[in-house]
Amino acid sequence: MTMLEDRATAVSSSSPWPTVYPKGYAVVDVETTGLARDDRIISAAVYRLDARGEVEDHWYTLVNPERDPGPVWIHGLTSEVLEGAPLFAEVAEEFAARLADRVLVAHNAVFDWQMIAREYARASKEPPVRQRLCTIALSKELGLPLPNFKLESLAAHFGVVQQRAHHALDDARVLAEAFRPSLRAAAAGNVRLPLLECRPLTEWSDAPRIGRQGGGGYGGSSSWRPARKRPACPYPNPGRYEPGKRLKQGMRVAFSGDTSTERDLLEDRATEAGLHVATSLSRLTSLLVTNDPDSGTSKTAKARQFGTPVVDEAAFGQLLRDVESADGEA
């Protein structure tokens with residue numbers, strides 16, 4: 001037990017609580033047909049918690065993905081089971097009611113959020129959630145002595161018993177029970193919660209891309225992008241980006257994870273501004289752009305290793321408006 005957890009045992013309903021903490025949470029788990037951009041949700045569960053992490057209610061639904069269910073050996077949901085389930089558009093309103101005015105909490109929250117945002121975009125709707133909290137990031141903030149950051153390890157640390165791993169309802173229950181003591185430990189230590197903005201998608205298309213040769217994930221993926229040969233950057237690399245200063249032409253910029261703006265468009269804008277778009281991250285990379293620096297991707301891991309500066313998509317968009325020329329002129 002960490003010092004924060006020990007202090008948290010003394011937190012009671014009458015104890016002071018950080019006023020800046022959210023007023024409610026929606027602990028979410030979704031099971032999907034795969035991991036790619038065009039994969040679909042096949043089941044979803046939400047545990048609603050109050051400001052101090054106490055369970056208010058829970059909800060669960062199957063979802064007909066209108067396609068192959070993917071890795072049945074993981075989630076156990078066959079085409080026969082899902083055939084009579086509602087479409088996502090039919091449960092979107094109820095799902096939204098569970099999320100409304102709450103912080104979305106999930107284990108590896110960027111994945112759950114991205115899947116949810118895409119489903120709402122397909123249904124031409126917008127999910128009513130503006131912030132998310134990843135329990136992996138919170139575990140790191142608290143310094144929990146976990147062997148790894150799997151849900152089963154977090155559950156075991158708090159003595160929570162898993163009954164059906166990879167079943168959305170049970171995974172959400174387990175996470176809710178593990179999140180409560182984590183939240184109280186954070187409150188006891190007045191720890192800043194690692195909240196991130198949830199940016200909804202404004203449009204979506206599952207149409208295959210022109211030139212597609214193959215797929216990825218389970219059953220193929222329209223997120224596959226043909227290699228685009230960009231012209232070589234004509235400017236020398238001036239080095240690392242310094243927070244608070246301007247980007248400079250020639251800087252090497254890498255991207256990681258999903259972005260609200262189509263990745264090709266974002267890369268085109270960077271290239272047009274005179275930046276070098278890098279497909280990998282090295283010690284020479286000037287800047288990493290990612291909406292979730294705690295996602296655990298190879299690029300974010302290398303960024304931490306090399307000390308590469310990191311900004312999110314919104315900040316990068318602002319920086320693109322005023323890129324310093326390579327010769328130092330305005």
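The model shown is predicted.

**View 1. Four strands make an open, parallel sheet.** The strand order is β8-β7-β9-β10. β8 (276-278) and β10 (310-311) each have a single partner strand, so they stand at the edges with one side left without a neighbour in the sheet. Strand β9, residues 287-290, pairs with β10 in the parallel sense over two bridges. V289 has V311 in β10 as its bridge partner.

**View 2. W59, F88, F95 and Y120 form one aromatic cluster.** The whole structure holds seven aromatic pairs. The ring centres of F88 and F95 are 6.1 Å apart and the planes meet at 65°, so this pair is edge-to-face. F88 counts as buried at 3% relative accessibility, and F95 counts as buried at 1%. F88 also pairs edge-to-face with Y120, at 5.0 Å centre to centre and 90° between the planes. This pair links distant parts of the chain: F88 belongs to helix α4 (residues 88-99) and Y120 to helix α5 (residues 109-122), 32 residues apart. Y120 is buried, with 1% relative accessibility.

**View 3. A charge sits over a ring.** The charged end of K140 lies over the ring of F149. Its distance from the ring centre is 5.3 Å.

Note on methods. Residues are numbered from 1 along each chain as its sequence is written. This is a predicted model: local features need pLDDT of at least 70, side-chain atom pairs count only at pLDDT 80 or more; totals for chains, interfaces and linings use all residues. Side-chain values use heavy atoms; hydrogens and water are left out. Two strands pair if DSSP finds at least two bridges between them. Rings of Phe, Tyr and Trp (its six-membered ring) pair if their centres lie within 6.5 Å; planes under 30 degrees apart count as stacked, over 60 as edge-to-face and the rest as tilted. Buried means under 20% relative accessible area, exposed over 50%, partly exposed in between (1.4 Å probe, protein chains only). A charge sits over a ring if NZ of Lys or CZ of Arg is within 6 Å of the ring centre and within 35 degrees of the ring normal.
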